[in-house]
Amino acid sequence: MHESTTPKLSKILSPRRVNSNALSAEHLIQLAVFAYETHRIAGVVVNRIPQEFIDFIRIFTNQKEETVKIGRISSAEENEKGGNETGGNESGGNETGGTEACSIFAKKACGSNLPLTSDMGIVDEFDHVAPRLRGKKEGTFAYFTVRDRWPKIVTSLVDQLTRKRDALIEQHGEDASADIADILEKFSRLRYEIMTDKPLINFPESGPDGKMWHDWMEELKTAVMPNDVEELTYFKGPWLFVECYLYRFIYSAFLATKKLADMDYFEDSKRKNFLDHLDQVEEAVAFLMKITAKDSPAHEMFGIHQILKSSLWGNRADMSLTGGDDHTMKMSSIAASVQLKDYILIDDVNWLMVKVLAPLQANPQKLKNRRIDIVLDNAGVELCADLMMAEFFLARGFADKVVLHGKAIPWFVSDTTENDFNWTVDSLHLAGQQSAKLGEQIKKRVEKMEIIYKADLFWISPHPYCDMQEKAPELYEELTTSSLVIFKGDLNYRKLVGDRDWDLNTSFKKAVRGFDPCPILALRTLKAETIAGLTDDVLKVLLEKFDEDNSWMTSGEYAVCQLGGVPPIEE
Ligand SMILES: O=P(O)(O)OC[C@H]1O[C@](O)(CO)[C@@H](O)[C@@H]1O
């Protein structure tokens, strides 16, 4: 019976949200069976009851107050209760000797009338928190990424190398020819291994973090998935880990060459993105110059929304979504910040002003070392908006220094490296007079160490940020001295919430799992199926608009400005 009902159930549950009208007795039974099956397969107590299950039962039984409990009932507990209260599935013993049961019983008020929000993945099979996203789940964006986007990214690198072959040989000499052949061979194997879901292999322990990668892969296999080492494949491994591995693997192919070890193979698309947005950059910088001018009549707080949201919408112009293809924004990020406000699902900017920025600017203790950090994302137009944000904080007296954190190697197609940072500052004048002034201003600030660029290796590791304190204690310590850390973009957000399939209304605080060095702000457009902290009202609107389609989570159209690390405004 289990075999025949479970697939039907997954069909019902495969969209993230399920229309509760579609419920029937049969569905309910299937749910119970599925829960039992999952429990039995996972072999653990199910300690996180999916909201949809609770809602299903509540709606189905038409009772107002109840709790659904599903899990392994130990013999002692079962004896005490006198067995299964609803006469649920009574299966025989199990491997550990306890009696397994699927038990559903009413106890006390629980749940809300929220739409059904999470998928049926109950808890992660390895650590029993919300499930990590994985490429193996068909129909998800992670699956599409592994199946289509990654091979496409590798193919476009192959195309680029083939196209540039002669120029590279001319620049570096004949050795480059063998280098290119070597890389092409590695990439063709890489594509094959992705597409046929092969296990990840160790790459040479070279580079500043090569040894660490070996350790992390071992750790993942031994600590996180000890019984399923063969599961560390492109589709089955945790999506975040495997995606970081992919970009590190690409880097290792170049690193192993004689002449191309320093090449930034994503540079062309990053520079093109900047050059395609010159008008938009100039328009946005002109606004910045107006509100930061010494005689500007603007109120101190004027412009914060525009500047932060301009940086947010810069994150739309991400080239990794299109595999490096053109992705030109039509309006300037400042114009977008005004026009696109309805697409911001969580907007904590007022709260940020009250709790963080206003006290910083008032600076009652006359501090001289107020620091704001920006963990950068993409180069190109997004970096320009981030530089504007840094300048705004300094010019308007919110901070004495701004630390920009970039990547030490080419990363996720368009992420900012030190070269990108320097090149962009040097090239701002191409956008126009106002941008030229900004470029000069930033250079001065870099000289005076008011703007500092750093590239800690942790940012190119596969770890969620809740592990920072353990994996990169010095970086964590450093962030505790900051007044605000702004995390830009989707990848940073995925790492903040651990790249997990949280119920959409899980609090942000819970999802960051103790990562709390100082106030943090996520400025992210949604490009992956993970988010936490949506309110009932927002969920309702999304449900009405999208029903069972969750493209809003990955289209890059919607966004959040989400604050953590400070008490809620009403406290
Ligand atoms: O540049 P961003 O905003 O971090 O986006 C990169 C993200 O987009 C994706 O390419 C889409 O999932 C992810 O690989 C990554 O999380």
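**Strands, rings and spaces in a predicted model**

Strand β4 (residues 371-375) runs parallel to β7, and four bridges join the two. Strands are DSSP runs of E with at least two residues, helices are runs of H or I with at least four, and both are numbered from the N terminus; two strands pair if DSSP finds at least two bridges between them. The structure is a predicted model, in which local features need pLDDT of at least 70 and side-chain atom pairs count only at pLDDT 80 or more, while totals for chains, interfaces and linings use all residues. Residues are numbered from 1 along each chain as its sequence is written, and side-chain values use heavy atoms, with hydrogens and water left out.

Buried denotes under 20% relative accessible area, exposed over 50%, and partly exposed the range in between, with a 1.4 Å probe and protein chains only. In a regular strand, side chains alternate between the two faces of the sheet. Both faces of β7 are covered: Leu 484, Ile 486 and Lys 488 are buried on one side, and Val 485 and Phe 487 on the other.

Burial also applies to Val 154, which is found in helix α5 (residues 141-172) and has a relative accessible area of 0%. Val 154 and Leu 190 are 36 residues apart in sequence, and their C-alpha atoms are 8.1 Å apart in space.

The aromatic rings come next. Rings of Phe, Tyr and Trp (its six-membered ring) pair if their centres lie within 6.5 Å; planes under 30 degrees apart count as stacked, over 60 as edge-to-face and the rest as tilted. The count by this rule is 33 aromatic pairs. In one of them, Phe 254 and Tyr 265 are stacked, because their ring centres are 4.3 Å apart and their planes lie at 20°. Phe 254 belongs to helix α8 (residues 239-255), whereas Tyr 265 lies eleven residues away in the loop between α8 and α9 (267-275). Both residues are buried.

A search of the whole structure finds five cavities of 30 Å³ or more. On a 1 Å grid over the protein atoms alone, a cavity is a set of points where a 1.4 Å probe fits but cannot get out, and lining residues have an atom within 4 Å of a point. Grid points are joined across faces, edges and corners, and a volume is the space filled by probe spheres set on the points. The second largest cavity has a volume of about 40 Å³. Its lining includes Gln 280, Ser 333 and Met 388, and the largest share, four residues, comes from α14. Both α10 (278-292) and α14 (381-395) supply at least two lining residues each.

Terms used. 1 Å grid on protein atoms, 1.4 Å probe; cavity = no way out; pocket = protein on both sides within 12 Å on 5 of 7 lines; lining within 4 Å.
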